[in-house]
Amino acid sequence: MPSVISVENLNKTYASGHPALKNINLQIRKGEIFALLGPNGAGKTTLISIICGIVNPGGGKVLVAGHDIKADYRAARAQIGLVPQELVTDVFETVWATVTFSRGLFGKKHNPTYLEQVLRDLSLWDKRNAKTFELSGGMKRRVMIAKALSHEPEILFLDEPTAGVDVELRRDMWAMVRRLRERGVTIILTTHYIEEAEEMADRIGVIRKGEIILVEDKDALMHKLGKKQLTVQLKQPLASIPAELAAAYPLELADEGRALVFTFDVQREHTGIAELLRDLDRHGIDFKDLQSSESSLEEIFVNLVRASA
């Protein structure tokens, strides 16, 4: 699949001397949903701001749909819709005037049918004649999304789009993102809600201290780095794990000694579960139930960030 965004050797150091980005190389594929994860201050917003032409890079090259963001700024920016973290819009204009004006800024011909559909998709059609300052915070966020979509961009950046919004809007956002992808729009999402990335993304990128530490297909990442755990509910609690078992298996006591947790690698041909159960029986440790669980993307993310610290 061809890249719609190409980032090569991108660097950015602010006037304070803070190195926000360090030699970033990233290819984002056309039509994918790409989730960029990282702790606060990792460089997510700086990277997005450079690609969108809001912040000047310190060095490197960025192409958007084949257009250099510096040499061909207008053509590159016309491909992009941006929903920033902050609510920034003209509070005294109506919703309809806001999205119409935003479309005009990109030189797009008037298309009320398209704008009506955008507002309906975001449950804003009934609010089209309301002034922005009259809306709730969640509705204002919807207006920001409508503005970003007003000029029919091929690439949509969502920078923490559901931070502080209600569950209903979050569901609407997810449904809208899926529809956009079906139309071929490329979505780049930054989020603190790991479940959003797990639910929506095709690929995951992790950034820490201005460096990309991993880019991977989501399913491959979870298969490669995810762990499975077998929880053995015991009939009688244990004060400690027998030394022979502790030496042979990665075991932990849980639930005040009433459970043993065995972590195993799903990629190995032999998980060791059968051997563990035989050894439990040999040590006279009876169990009443078995439960298995798999690592979530949140656990993988936390472990990745810790490992690169």
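Helix α3 crosses helix α5 with right-handed geometry; right-handed means the near helix is turned clockwise from the far one by less than a right angle. This is a predicted model: local features need pLDDT of at least 70, side-chain atom pairs count only at pLDDT 80 or more, and totals for chains, interfaces and linings use all residues. Residues are numbered from 1 along each chain as its sequence is written, and side-chain values use heavy atoms, leaving out hydrogens and water.

**Helix pair**
- α3 spans residues 95–105 and α5 spans residues 137–149. Helices are DSSP runs (H or I, at least four residues), as are strands (E, at least two), numbered from the N terminus.
- Their axes lie 8 Å apart, at an angle of about 30°. Axes are lines fitted to C-alpha atoms, for helices over the stretch in contact; angles run from 0 to 180 degrees between N-to-C directions.
- Val95, Thr98, Val99 and Ser102 of α3 meet Val143, Ala146 and Lys147 of α5. Contact means heavy atoms within 4.5 Å.

**Sheet**
- An open sheet of 6 strands runs β6-β7-β8-β3-β9-β10, with mixed pairing. Strands pair if DSSP finds at least two bridges between them.
- β6 (80–83) and β10 (211–217) are the edge strands; each has a single partner, so one side of each lacks a neighbour in the sheet.
- β7 (residues 155–159) and β8 (residues 186–190) pair in the parallel sense over 5 bridges. Ile155 stands opposite Thr186 in β8.

**Helices on the sheet**
- α1 (residues 44–51) touches β3, β6, β7, β8 and β9. Its direction makes about 150° with that of β7.
- α5 touches β6 and β7, and its direction makes about 170° with that of β6.
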